[in-house]
Amino acid sequence: MSSSSSSSSPLPLQSLKIGIVGFGTFGQFLAKTMIKQGHTTRATSRTDYSQLCHQLDVPFFRDVIPFLEADNDVILICTSILSLSEVLNSMPLHRLKRQTLFVDVLSVKEHPRNVLLQVLPENMDVLCTHPMFGPESGKNGWRDLPLVYEKVRVRNETRMVEMSCEEHDKVAARSQFLSHSIGRILAEMGIESTSMNTKSFETLVKLKESATNDSFDLFSGLFIHNRFAQQELMNLEQSFEKVKQRLLKKMSEQQSLSSV
Ligand code: NAP
């Protein structure tokens with residue numbers, strides 16, 4: 001799996017035909033940007049996005065068979081983490097007419113790698129990616145934003161720095177899952193911007209907003225399909241308890257001093 005900034009990457013040399021599976025928030029965001037980059041996109045999804053796709057000039061396929069037969073160079077998997085298995089297992093993948101690169105963008109990595117390797121015919125290439133940006137942070141393009149990937153089964157070699165899917169999930173549990181969890185906790189607390197925000201508090205409000213802009217399916221996928229996430233949740237709980245105990249200890253020390 002590689003960690004790279006697109007600022008050092010060349011612009012695409014070739015216009016690709018990209019089929020998108022899962023045309024929710026993230027799939028739409030990717031399609032809009034890829035169209036601007038000169039690629040051709042087409043989409044299929046559980047929900048009927050015909051009208052929206054018509055506006056975007058993206059062919060929408062209600063039926064997955066013509067989608068699979070639509071001469072895609074790349075099939076981009078943008079479903080929720082929780083539905084990946086169901087979606088891929090329901091696709092008649094033997095209808096693929098040519099060698100295609102399958103790319104997933106799920107925010108956990110071992111799970112889609114395992115599912116893709118299990119369901120795809122051997123001649124299909126697999127690239128597992130995690131774009132470290134979303135519709136908000138990438139609204140002006142993703143040129144300087146990081147993307148993590150592993151060439152799980154890619155025949156056409158390009159310059160990449162490897163990081164395993166396992167390493168990705170370990171790091172992501174301690175960074176991305178942690179920030180989503182804290183954002184959700186802050187939302188539970190109902191924190192809101194005040195008239196006397198410090199910079200740090202503004203960061204917390206932004207964290208809350210960014211965590212709750214993503215679906216709960218996304219958040220729970222980060223937990224359920226990343227085997228390192230549960231440990232981080234326990235670490236969070238234990239650390240919270242330690243900080244609380246230190247405060248309570250200090251308070252009782254102060255109280256005993258003042259009562260002397
Ligand atoms: P999401 O809630 O994680 O996924 C929504 C997508 O999943 C929609 O296309 C939805 O289809 C599909 N879906 C959900 N349940 C389904 C089911 N039972 N059967 C078939 N399809 C189902 O939200 P998202 O933000 O669009 O994320 C999509 C993927 O991108 C996720 O895997 C996420 O981890 C990854 N990702 C997201 C971000 C981000 O900033 N949002 C960043 C990096 C990676 P319909 O719309 O047709 O209902």
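The domain assignment of the protein gives two parts, domain 1 (17-153) and domain 2 (165-244). The model is a predicted one. Between the C-alpha centres of domain 1 and domain 2 the distance is 26 Å. To the contact, domain 1 contributes 13 residues and domain 2 contributes 15 residues.

The size of an interface is often given as the accessible area lost when the parts come together. For domain 1 and domain 2 that buried area is about 1300 Å², and carbon and sulfur atoms account for 63% of it. Charged pairing also occurs here: the rule finds one salt bridge across the interface of domain 1 and domain 2.

Salt bridges can then be taken over the whole structure, which holds 19 of them. One of the pairs joins the side chains of Lys-97 and Glu-69, with 3.5 Å from N to O. This pair links distant parts of the chain, as Lys-97 and Glu-69 are 28 residues apart. Lys-97 sits in the loop between α4 (84-89) and β5 (101-104), while Glu-69 sits in the loop between α3 (64-68) and β4 (74-77). Another salt bridge is formed by the side chains of Arg-227 and Glu-110, at an N to O distance of 2.9 Å.

Helix α6 covers residues 165-174 and helix α7 covers residues 176-189; the two pack at an angle of about 25 degrees, and their axes are 3 Å apart. Angles under 35 degrees count as roughly parallel, so α6 is roughly parallel to α7. On the α6 side the contact involves Ala-172, Ala-173 and Arg-174, which meet Gln-176, Phe-177 and Leu-178 in α7. By class, the residues of the contact of α6 with α7 comprise four nonpolar, one polar and one charged.

Notes:
Residues are numbered from 1 along each chain as its sequence is written. This is a predicted model: local features need pLDDT of at least 70, side-chain atom pairs count only at pLDDT 80 or more; totals for chains, interfaces and linings use all residues. Side-chain values use heavy atoms; hydrogens and water are left out. Axes are lines fitted to C-alpha atoms, for helices over the stretch in contact, and angles run from 0 to 180 degrees between N-to-C directions. Helices (H or I, at least four residues) and strands (E, at least two) are DSSP runs, numbered from the N terminus. Angles under 35 degrees count as roughly parallel, over 145 as roughly antiparallel, 65 to 115 as roughly perpendicular and the rest as oblique. Contact means heavy atoms within 4.5 Å. Ala, Val, Leu, Ile, Met, Phe, Trp, Tyr, Cys and Pro count as nonpolar, Asp, Glu, Lys and Arg as charged, and the others, Gly among them, as polar. Domain bounds come from an automatic or database domain assignment. Buried area is the accessible area (1.4 Å probe) that two parts lose on being put together, summed over both. A salt bridge is a side-chain nitrogen of Lys or Arg within 4 Å of a carboxyl oxygen of Asp or Glu.
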